[in-house]
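Take a look at the chain below. This report starts with a pocket, then moves to a helix and to the chain as a whole.

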Amino acid sequence: MAKIIDGKAIAQSIHSEIAQDVTDLSKKYGKVPGLAVVIVGERKDSQTYVRMKRKACAEVGIKSINVDLPGDVSEENLLDTVLDLNANSEVHGILVQLPLPRHINEEKILSAISIEKDVDGFHPLNIGKLAMKGREPLFVPCTPKGCIELLQRSGVSISNKRAVVVGRSNIVGLPVALLLIKLDATVTMVHSKTPDPKSIISEADIIIAAAGQANMVLPNEFNLIISVGGGSNELQLNIKCTFVLNVFYVDVSNDVMCVNSKY
């Protein structure tokens with residue numbers, strides 16, 4: 001009988017824990033954490049993500065500092081905005097919503113964020129420490145961290161497991177692979193240039209599907225899969241999956257756990 005990881009329930013539990021932490025900080029220091037979310041332009045998907053982040057801040061008591069810039073903002077002006085936020089003592093974390101418009105150098109902007117406020121974990125020093133044995137970054141990219149939280153809070157042992165990460169993006173694929181390695185999984189990365197991905201995926205104990213491309217995951221059977229994509233067409237399975245809010249409900253007789261972590 002299939003087991004379902006209820007991502008929504010786990011998220012609610014984490015929200016409650018964070019809300020309590022914020023309350024404790026407020027009582028101890030007389031202030032709450034301040035998160036600046038910077039968005040450039042009006043991409044619908046980016047606007048949706050930013051609304052979700054700001055809503056989550058409100059729910060747990062974090063102060064949200066909203067910075068909305070036009071799509072034609074100059075790189076220099078955006079850089080100045082980031083530097084101003086670095087210097088603002090009321091801002092404890094900075095998120096710059098990606099992707100940025102093509103005329104802006106993403107690497108330059110992300111590198112300008114103070115490492116102490118880089119809550120997205122994309123600063124080169126944070127990513128570098130994530131990649132090094134015996135080093136710990138100040139912050140870890142949130143979606144990869146969320147995947148690990150889903151596994152650990154569901155009682156999944158990661159050590160000694162064969163994990164396959166489908167996708168190699170800087171935002172999800174690469175950092176989630178590094179996190180799995182730190183937890184002693186044996187990790188293989190599959191991407192658009194990987195020959196015979198089906199045979200590799202079919203041997204995995206854990207699959208993280210983060211390719212953003214339809215029909216890349218084609219396992220015959222598996223033990224556990226987490227999809228970071230926005231819809232069920234990223235997975236083409238030889239089992240019946242129905243996409244409903246935060247999970248894929250799986251109609252199989254095998255021992256399967258399955259969740260879409262975006263919801």
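## The second largest pocket

This is a predicted model. Start with the second largest pocket. Helix α4 gives the largest share of its lining, 4 residues. Two elements give two or more residues to this lining: α4 (106–112) and α5 (124–131).

Which residues line the second largest pocket? Find L98, then E106, E107, L110 and S111. Next come F122, H123, P124 and I127. N170, I171 and L174 complete the lining. By class, the lining has 7 nonpolar, 3 polar and 2 charged residues. The volume of the second largest pocket is about 230 Å³.

## Helix α2: length and faces

Now turn to α2, which covers residues 44–60. This helix has 17 residues. From its first C-alpha to its last, α2 reaches 25 Å. That is close to the 24 Å expected at 1.5 Å a residue.

Which residues of α2 are buried? They are S46, V50, R54, C57 and V60. Look down the axis of α2: the buried residues fall within an arc of 135°, so they line one face of the helix. On the other side of α2, K44, R51, K55 and A58 are exposed.

## Around helix α2

What covers the buried residues of α2? The cover includes a helix, α1 (7–29). It also includes two strands, β2 (34–40) and β3 (63–69).

Follow the chain just past the end of α2. There, G61 takes a positive phi of about 90°.

## S74 in its loop

S74 lies in the loop between β3 and α3 (75–87). Is S74 buried, partly exposed or exposed? Its relative accessibility is 29%, so S74 counts as partly exposed. The cut-offs behind this are under 20% for buried and over 50% for exposed.

S74 and P101 are 27 residues apart along the chain. Their C-alpha atoms are separated by 9.9 Å.

## The whole chain

How many helices and strands does the chain have? There are 8 helices and 11 strands. The chain has 263 residues, and 42% of them count as buried.

Conventions:
Residues are numbered from 1 along each chain as its sequence is written. This is a predicted model: local features need pLDDT of at least 70, side-chain atom pairs count only at pLDDT 80 or more; totals for chains, interfaces and linings use all residues. Side-chain values use heavy atoms; hydrogens and water are left out. On a 1 Å grid over the protein atoms alone, a cavity is a set of points where a 1.4 Å probe fits but cannot get out, and a pocket is an open set with protein on both sides within 12 Å along at least five of seven lines; lining residues have an atom within 4 Å of a point. Grid points are joined across faces, edges and corners, and a volume is the space filled by probe spheres set on the points. Ala, Val, Leu, Ile, Met, Phe, Trp, Tyr, Cys and Pro count as nonpolar, Asp, Glu, Lys and Arg as charged, and the others, Gly among them, as polar. The expected span of a helix is 1.5 Å times one less than its number of residues. Buried means under 20% relative accessible area, exposed over 50%, partly exposed in between (1.4 Å probe, protein chains only). The arc is that of the directions from the helix axis to the C-beta atoms. Contact means heavy atoms within 4.5 Å.
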